[in-house]
Structures are given as C-alpha cells and as structure tokens.
Amino acid sequence: MDTGLSGFVKKLPLKPLTLLDINQISTDAYILSLPQTHDFLPGQVVAITLDASIAPRLYSLCSAPKDETMQILFSVKPDGLLTPMLAKCSKGDQLLVSAPFGAFLGDEQPAWFIASGTGVAPYRSMLRAGLTHNKKLIHGGRFAHNFYFQDEFATALKDNYIRCCSQESGDGMYHGRLTTWLQQQQQLPAHQMYYLCGSAEMVVEVRDILIGKGIAIERIMSEIYF
Ligand SMILES: Cc1cc2nc3c(=O)[nH]c(=O)nc-3n(C[C@H](O)[C@H](O)[C@H](O)COP(=O)(O)OP(=O)(O)OC[C@H]3O[C@@H](n4cnc5c(N)ncnc54)[C@H](O)[C@@H]3O)c2cc1C
C-alpha cells in the first residue's frame with residue numbers, strides 16, 4: 001500500500017500546463033516558468049511530472065504571487081528519474097502540474113532563513129513577496145555557482161545574506177559549511193522563527209545545533225527535500 005507523503009502526492013490532481021520558458025542558471029540548475037494558474041502563498045509547492053507513468057515530484061515555487069509566471073528552481077540529479085528529463089524540456093512542452101499547497105509559509109515576523117542548495121527557492125518567493133524585514137538568509141552550497149539568486153538576495157538583505165561555501169573560497173563568502181558557521185555564532189536570537197529548507201542531512205544537523213543553542217523546537221520550521 002502506498003502511504004505517507006508519496007502516496008498523497010501520487011493522488012494529487014494534475015493539469016497539463018504549457019512550459020513558457022526554461023533557463024539554465026548555473027551548471028546544474030534551471031528555472032522553469034509556467035502560467036500563473038492559481039493564487040498561492042510564498043513557500044508553497046507544486047507537484048510536477050512529464051507524464052502519468054512517472055510519479056510526480058514536489059517543487060517549491062520560487063516566484064512571488066504577484067509575478068506574471070509561476071517559477072520553480074531545480075537542480076539536475078544525474079541518476080534521478082525526472083530532473084534529467086525536465087532539463088531537456090523546451091518552451092511549449094506540456095508538463096503535468098498540481099495546484100500549489102503546503103504550510104511552510106513566511107510572514108512578517110523576524111526570522112532566519114536557512115537553506116542548502118535549491119532549498120533557497122521558497123525564500124526567494126517570500127523575499128520577492130516583500131517579506132524582507134528582520135530576515136537573515138544563511139545559504140549553504142558546495143560551489144560558488146550554487147548560490148542561486150545571489151544578486152537578488154544581496155540587494156534585498158545586504159549584510160543579512162550569508163553564503164557558506166564548503167568547497168571554494170571567494171569574495172564575501174564564508175569558507176565552510178553552514179553548520180560550522182552556525183556553531184560559531186556565540187548567541188542566537190531566541191524570540192524569532194528559524195526556517196530550514198533543503199536536504200534531510202542539513203535539516204537534521206541544523207535542528208540539533210539550534211536546539212543545542214537554546215532555541216525552542218516550536219520556533220523551528222522545516223521543509224525537507226527528499
Ligand atoms: C516539499 C519538497 C519540495 C521540494 N522542492 C524542490 C525544489 O524547489 N527544487 C529542487 O530541485 N528539488 C526540490 N525537491 C526535490 C524534488 O522533489 C526531487 O526529489 C528532486 O528534483 C529529484 O527528482 P528526480 O526525479 O530527478 O530524482 P529521483 O529519481 O527522485 O532520485 C533522487 C536521488 O535519489 C536516488 N535514488 C532514487 N531511487 C533510489 C533508491 N531506491 N535507492 C537509493 N537511491 C535512490 C537517485 O539516484 C537520485 O540521486 C523538493 C522535495 C520536497 C519533498
């Protein structure tokens with residue numbers, strides 16, 4: 001029996017949508033633009049596939065509700081089923097897409113946004129929607145090309161945008177893992193939210209660090225990309 005989130009995702013109603021655009025934004029990452037068919041809230045996801053024989057995968061919307069198109073950011077998993085095929089799509093191709101849903105939602109409250117890799121996508125939606133006040137974004141990536149949307153984030157957040165690059169050093173980047181950066185912080189603000197989004201390894205490790213530094217579990221929200 002198919003239970004849990006994957007069973008739920010397989011049962012979501014999907015509608016054909018025409019791909020408006022596909023842009024390669026780094027060696028392994030692309031942005032898909034789709035017609036804006038639904039209202040949604042920054043932080044929500046859609047399920048996407050190419051045809052009914054492939055189980056849909058979830059993707060955070062990285063555009064804002066006010067934008068003309070719905071966008072998703074994805075990285076290609078070379079051994080994956082869907083993303084190598086998505087990367088070969090062209091403008092005009094048909095995708096099967098669900099309505100947006102999800103409860104990983106930003107608001108006006110002070111928060112730290114923490115992401116690994118493409119886990120930065122929902123924060124781009126939140127920041128484009130104007131939720132920039134009292135926000136800090138800490139983004140971890142292996143290489144400099146993994147800091148998707150870095151110009152937008154630097155403009156919106158200035159010194160509150162921290163790039164932690166584990167495999168390369170470069171101007172303005174912290175050289176090391178984001179978990180090391182977090183461990184090095186003397187004191188973390190206690191009365192705010194912490195959003196974690198990206199790989200399971202990162203989310204689990206960061207959650208432990210935050211709790212170890214006195215952050216209440218109720219102040220930690222997680223979205224795991226599996
Ligand atoms: C809530 C949510 C939001 C997400 N948002 C995004 C997003 O905005 N952007 C984004 O890029 N991704 C996002 N993801 C991840 C996305 O849904 C896909 O998992 C990802 O794109 C990989 O899809 P794929 O079909 O190419 O790879 P899959 O075929 O799903 O494989 C993924 C990896 O697992 C390995 N694998 C597959 N099957 C097995 C197995 N049986 N045993 C061991 N290893 C296996 C593959 O080799 C591959 O490396 C999100 C996930 C969730 C849950």
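**A first tour**

Mentor: Start at helix 3, where Ala121, Pro122, Tyr123, Arg124, Ser125, Met126, Leu127 and Arg128 are buried. A residue is buried if 20 or more other C-beta atoms lie within 10 Å of its own, exposed if 12 or fewer, and partly exposed in between, with C-beta atoms placed from the backbone. One caution: this is a predicted model, so local features need pLDDT of at least 70 and side-chain atom pairs count only at pLDDT 80 or more, while totals for chains, interfaces and linings use all residues. Residue numbers run from 1 along each chain as its sequence is written.

Trainee: How many residues of helix 3 are buried, then?

Mentor: Eight of its eight, so call helix 3 (121-128) mostly covered. Gly130, with a positive phi near 95°, follows helix 3.

Trainee: Let's zoom out. How many helices and strands does the protein have?

Mentor: Six helices and 13 strands. Both are DSSP runs numbered from the N terminus: helices are H or I with at least four residues, strands are E with at least two. The radius of gyration is 17 Å, close to the 17 Å that the globule rule gives for 226 residues, so the protein is as compact as a globular protein of that length. That radius is taken over C-alpha atoms, and the rule is 2.2 Å times the number of residues to the power 0.38.

Trainee: What box do the C-alpha atoms fill?

Mentor: Roughly 50 × 40 × 35 Å along the principal axes. Of the 226 residues, 34% count as buried. Among contacts between residues at least 6 apart in sequence, 68% join residues at least 24 apart. Contact means C-beta atoms, placed from the backbone, within 7 Å.

Trainee: Sheets next. What is the strand order in the open sheet of six?

Mentor: 11-10-9-8-12-13, with parallel pairing. Two strands pair if DSSP finds at least two bridges between them. Strand 11 (174-175) and strand 13 stand at the edges with a single partner strand each, so one side of each has no neighbour in the sheet.

Trainee: Is strand 12 (193-198) enclosed or open?

Mentor: Largely enclosed by the rest of the structure, because five of its six residues are buried. Strand 12 pairs in the parallel sense with strand 8 (111-116) over five bridges. Another five bridges join strand 12 to strand 13 (220-224), also running parallel.

Trainee: Which residue of strand 12 is the bridge partner of Trp112?

Mentor: Tyr194. Tyr194 also stands opposite Ile220 in strand 13. Further along, Ile114 has Leu196 as its bridge partner in strand 12.

Trainee: And what is the order in the open sheet of four strands?

Mentor: 1-7-4-5, with antiparallel pairing. Strand 1 (15-18) and strand 5 (57-60) are the edge strands, each pairing on one side only. Neighbouring strands here are turned by 45° against each other on average, direction ignored. Axes for that are lines fitted to C-alpha atoms, for helices over the stretch in contact, and angles run from 0 to 180 degrees between N-to-C directions. Strand 1 meets strand 7 (94-97) through four bridges, antiparallel. Lys15 has Val97 as its bridge partner there.

Trainee: Switching to the ligand. How many residues surround the ligand?

Mentor: 20, the closest being Arg57, Asp79, Gly80, Leu82 and Thr83. A residue is near a molecule or strand if its C-beta atom, placed from the backbone, lies within 6 Å of it. Strand 5 and strand 6 (69-75) each supply at least two residues of the shell. The shell divides into eleven nonpolar, five polar and four charged. Ala, Val, Leu, Ile, Met, Phe, Trp, Tyr, Cys and Pro count as nonpolar, Asp, Glu, Lys and Arg as charged, and the others, Gly among them, as polar.

Trainee: Where is Ala87 found?

Mentor: In helix 2 (83-87). Ala87 is partly exposed because it has 16 C-beta neighbours inside 10 Å. Not counting residues up to four places away in sequence, Ala87 touches Tyr30 and Val76.

Trainee: Is Lys158 buried or exposed?

Mentor: Exposed, because Lys158 has 9 C-beta neighbours inside 10 Å. Phe149 has 20, so Phe149 counts as buried.

Technical notes: Two residues are in contact if their C-beta atoms, placed from the backbone, lie within 7 Å.
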